[in-house]
Each structure stands twice: as structure tokens, then as C-alpha cells.
Amino acid sequence: MTDRVVVLDDFIPAEVLSDSLAAAGISAEVIHQSEFPSGPGVVALLVGPENTGLESRHLSELPDLRLLSATSAGYDHLPVSAAHERGLWVTRAVDYCTEEVADHAFALTLGLIRSTHTLDGSVRAGEWDVTAAVPRRIAGTVLGLYGFGRIAGAFALRARAVGMTVLVSGRGLGDRADELAADGIEVVGFEELLRRTDVLSPHVPLTPETRGLIDERALTTMRPGGYLVNVSRGGLVDHDALGAALRSGHLAGAAVDVLPNEPPAQDDPILQIPNLVITPHAAWHSPQVARTLAEQSARNVAAVLTGASPVGVVAPPGM
């Protein structure tokens, strides 16, 4: 029986995945489908974040399965505990869209500071007035990053290149203060980050501890006329508090690529918040990402089938 790799993610190009497997010496049939598979022969199951509902019972119907992989950084749509107990490798995609997300965060930030989104709307409404939303100077603006992983690091590099001041805060960063200072980045506490920041951008996972991190207190602590940029997870921000801060004028604007509910309903109050730029969870996307995901997935399949360790391990096989 030919081994099968089943892909539940239309974004992954089958041809690239097949060619990458063949280049690694793996003979397997790549199958795209929309339903959870069952039966023998399936050695790897690649699942996109939009495919929810996978349960332990589905895994029990795949006797030859060895790898369960999320084709995204998030893996909350996978039954990790059940897969671990079953003795499967569980992986997620890693470092596949760092440049794209950093670019997107940077673009949203520049758009807010220079008022491009608001001024465009003003012109389309029949006005021709720079004072409708006064652009600000980018150099010298203070960017505050909460969390400093790969994406935040790439964002900071872009910000420093245009003369922005970069502050960072987060767990464990105190030990890196000297190292980061050499790159022109200052490590501060969260409260100081809020007080000194012109543009605040969180870059941490969504956990019970970080849910609602950017709440009413955090937003009111920020400088008047500041901005918020969120390309991480919608649940990090209390959007009722964000709406209040924007309506009151305490914040001059915000730009988000992620929402608590995606896509929002047409009557979702979030769509009525003024001075809020929303993009449709697009920060990760580029044509290059599809190839990167396919190639990384192929390497993980090949590693598992040849007895090696894959990358992006969420859980190794259980005992």
C-alpha cells in the first residue's frame, strides 16, 4: 500500500509538497481533501487552522498515522493530548511568515503615524484638508513592543531603520538588556512601556494570562494621542475598551489584523469603531509563504518516516 499524506489546507500547494517529499526520498501520495480521512495508509495528516472539529475518534480511524501537523503557528485546532497518548508526533509551522508579519505591522504603523488611511477616507468623502488627520514625523516616534520573539525582533529592526525609538518589555528580557541595548533597544517594565510609548504593539501568545492584556487600564495609561497595532491575537485586546479610547480621542488611531471573532458579522460593533483600521488576518500572507509551508511540511513528514525529529514539535510521541 502506498503511503498517503492527507492535506486539509487548500493553501498548501500539492505539487510543491509532492516534489519536496520526492526530493527527500519519500514515496507518498499527496491528497487534498476537505473531510477528515479514515482507513489505513495515511501516515501524515496536515491540518489548516480553518479545519476545526478534529477529535480523538478521528485519529483512532487512522491506524498508520505517525504525524499530525498544524500548517499554522497556532495548534489549538488539534487534539494534542489524544495524539500524544496515541504515540504520534504533533508539530506546528515555525518561522514561516516572520518577514510578512513584521512587514504588515510596520506598514500599519507607518500608515497610522502618517494618517494615510484617515486622509484617504477624507478625500473620498469630498474633502481636501491635511488637518483632517495631521500626519506626524516617523523619526523619533516611540514604538513599544510587549514580547520580543522573532516577529517583534524583525519589526524592531524595521522601526530602528527609520529612526524610531524602540522599547521592549516582557518576561525574561531583563537578562538581555545589555545585548538589546547594543542594538539600540531599551528594555523596560510593562508600566513604563505603556507610559512612554507612542505606538503599542503586543507580540505574545494568547493564554489565560495574556487574554485582555491591553485593557482599559493599559489603554488609559498610554500617552494621549497614541496608537495601537495588533497583528498577534485578537483576544489580547479588550475591544470595548479600545473603542472607548478611540471614541474619546485618548488614542488617535489603531490598526488590527486580528479580531476576537473572525470574520466579524456585518453588525459587529467593532466595525463601527472610528479610526480603527482592520485587515482580514492577512499579515502572514504572501506567495512565498505557501511554498515555505509545503517545504517545511515535507521535511517534517520525511523526518518522522525516517526516524528523525521534525521541527516545530508541539508534542513528541507518548509512551
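The model is predicted, so local features need pLDDT of at least 70 and side-chain atom pairs pLDDT 80 or more, while totals for chains, interfaces and linings use all residues. Residues are numbered from 1 along each chain as its sequence is written, and side-chain values use heavy atoms, with hydrogens and water left out.

**Around α11**

Colour the buried residues of α11, among them V289, L293, A298 and V301; buried means under 20% relative accessible area, exposed over 50% and partly exposed in between (1.4 Å probe, protein chains only). Their cover includes β1 (3–8), α1 (14–23), β3 (42–47) and α4. Just after the helix, G307 takes a positive phi of about 85°.

**The cores**

Next, select V5, L17, L21, L145, F148 and V168, which touch the most other members of the largest nonpolar core, a set of 52 residues. Such a core consists of buried Ala, Val, Leu, Ile, Met, Phe, Trp, Tyr and Cys residues joined through side-chain atoms within 4.5 Å. Leaving aside neighbours within four places in sequence, L17 is in contact (heavy atoms within 4.5 Å) with residues including V5, V7, A294 and A298. A second, separate core of 28 residues includes V204, M222, L228 and L246.

**Backbone features**

Most residues other than glycine have a negative phi, and most peptide bonds are trans. Go to S115, in the loop between α4 (98–113) and α5 (116–124): its phi is positive, about 60°, and the residue is buried at 6% relative accessibility. In the loop between β11 and β12, N275 also has a positive phi, near 60°, but is partly exposed at 38%. P263 is placed in the loop between β11 (251–256) and β12 (276–278), and the peptide bond from E262 to P263 is cis, with omega near -10°.

**Salt bridges**

The whole structure holds eleven salt bridges, each a side-chain nitrogen of Lys or Arg within 4 Å of a carboxyl oxygen of Asp or Glu. Show E191 and R217, whose side chains meet at 3.0 Å, N to O. This pair links α8 (residues 190–196) with α9 (residues 216–221), 26 residues apart. Within α8, R196 bridges to E192 at 2.7 Å; being four residues apart, they are separated by about one helical turn. Finally, select E99, D103 and R158, which are linked in a network of salt bridges.

Terms used. Helix = DSSP H or I, 4+ residues; strand = E, 2+ residues; numbered from the N terminus.
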